[in-house]
Amino acid sequence: MINRCVRRAYLCGGDPYNGKNYHHRRGWIVNKIKQLASVFCIDVCAYAVMSNHYHLVLKIDTEQQQKLTPKAVISRWLQLFNGHPIAVGFFKRRSDR
């Protein structure tokens, strides 16, 4: 599956239109890719972060995913959405039973 979105926005590097430099975002993007890959059982085969887009080559680790218990799935989900109103409401309703 390939997704594409094009607009004049700079993720990293210098923006010649406004003169700002967004190079500091490159580290943020790489760290977020690593975090999401660990949460979602995804192997990152290759990546490239350019000034206004990035490329990812991913492989879903189905063997690791199938070993997850329901409790482990919830734990991983909460790593990303802890404190989100949906999560708080769900676990509040579950604890009221």
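**Contacts, a pocket and a charged pair**

Tutor: This is a predicted model. Leaving aside residues up to four places away in sequence, Asp 43 touches Val 57, Leu 58, Lys 59 and Asp 61.

Student: Where is Asp 43 placed?

Tutor: Asp 43 lies in strand E1.

Student: And how far apart are the C-alpha atoms of Asp 43 and Val 57?

Tutor: They are separated by 8.6 Å, and the two residues are 14 residues apart along the chain.

Student: Why does Asp 43 count as partly exposed?

Tutor: Because its relative accessibility is 32%, which falls between the 20% limit for buried and the 50% limit for exposed.

Student: Which element gives the most to its lining?

Tutor: Helix H1 does, with 5 residues. Strands E1 (42-49) and E2 (54-60) each supply at least two residues as well.

Student: What classes of residue line the second largest pocket?

Tutor: The lining has 10 nonpolar residues, 1 charged residue and no polar ones. Among the lining residues are Ile 29, Lys 32, Phe 40, Val 44 and Tyr 54.

Student: Are Lys 67 and Glu 63 buried or exposed?

Tutor: Both Lys 67 and Glu 63 are exposed.

How values were computed. Residues numbered from 1 in each chain as written. Predicted model: local features only at pLDDT ≥ 70, side-chain atom pairs only at ≥ 80, totals over all residues. Heavy atoms only, no water. Buried < 20%, exposed > 50% of the residue type's maximum accessible area, 1.4 Å probe, protein only. 1 Å grid on protein atoms, 1.4 Å probe; cavity = no way out; pocket = protein on both sides within 12 Å on 5 of 7 lines; lining within 4 Å. Helix = DSSP H or I, 4+ residues; strand = E, 2+ residues; numbered from the N terminus. Nonpolar A, V, L, I, M, F, W, Y, C, P; charged D, E, K, R; others polar. Contact = heavy atoms within 4.5 Å.
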